[in-house]
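Trainee: Could you show me how to read a structure that is new to me?
Mentor: Gladly; let us look at it together.
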Amino acid sequence: APFEELYRDDGYAVLHAVKLAIAQRNAQGGVGGRQVALVALNDNGRPDEAVRQASKLGVDRAVAGVIGPLQHSTAAAAAGALDAQGLPWIAPVPLDAMEHVGGWSLSAAPFAIGRAAVIELGRQGVARQAVVFSDQPGALAGAQAAAESLGMSLLALPTAAALAGAPIASGRQVTQPVGL
């Protein structure tokens with residue numbers, strides 16, 4: 001998970017949830033009669049670092065499996081390193097079949113997530129416009145399909161990573177990633 005840089009808040013939010021889940025599982029006898037220990041490595045939310053950290057996990061034969069990485073780009077990048085070491089892994093992000101060789105993806109497809117988000121906004125009756133801000137391939141297409149069916153307008157924003165240093169409509173450059 002990312003514990004520094006742009007996505008550090010995501011990493012720490014998940015870390016606390018994982019620690020709680022492990023404590024609860026261990027209180028019930030662990031997994032297969034064995035206690036679970038957490039090894040949390042920082043991938044900074046960067047694919048190259050995710051590969052480097054995934055490679056470290058195979059060194060310790062006590063590592064039984066991996067949960068993560070937390071982002072599409074880092075999970076897809078780490079897949080090969082985890083598979084090469086024979087480590088079972090689960091990514092809590094949507095991945096195509098070729099992106100999670102040797103592992104599993106536990107998430108709805110990006111198209112379904114984008115569609116469901118816009119449908120929920122429409123159901124609540126709070127918005128006639130929706131803004132999509134996602135780095136998940138297909139999320140925009142799902143949101144567009146739902147928006148069209150509901151007669152909503154849709155604005156798609158590039159992710160913070162895409163905005164960094166990129167020219168935008170006004171001609172100025174964004175030098176710091178922005179959160180929306």
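This is a predicted model: local features need pLDDT of at least 70, side-chain atom pairs count only at pLDDT 80 or more; totals for chains, interfaces and linings use all residues.

Trainee: Which residues of H1 are buried?
Mentor: Helices are DSSP runs of H or I with at least four residues, numbered from the N terminus, and buried means under 20% relative accessible area, exposed over 50%, partly exposed in between (1.4 Å probe, protein chains only). In H1, the buried residues are Gly 11, Leu 15, Ile 22 and Asn 26. They cover an arc of only 45° around the axis, judged by the directions from the helix axis to the C-beta atoms, so they lie on the same side of H1. The face turned away from that buried side carries exposed residues, including Asp 9 and His 16.

Trainee: How many salt bridges does a search of the whole structure find?
Mentor: A salt bridge is a side-chain nitrogen of Lys or Arg within 4 Å of a carboxyl oxygen of Asp or Glu, and the search finds six. One of them joins Arg 46 to Glu 5, with the closest N and O atoms 3.2 Å apart. This pair links distant parts of the chain, 41 residues apart, with Arg 46 in the loop between H1 and H2 and Glu 5 in the segment before H1. Glu 5, Arg 46, Asp 48, Glu 49 and Arg 52 are linked in a network of salt bridges.

Notes: Residues are numbered from 1 along each chain as its sequence is written. Side-chain values use heavy atoms; hydrogens and water are left out. Helices (H or I, at least four residues) and strands (E, at least two) are DSSP runs, numbered from the N terminus.
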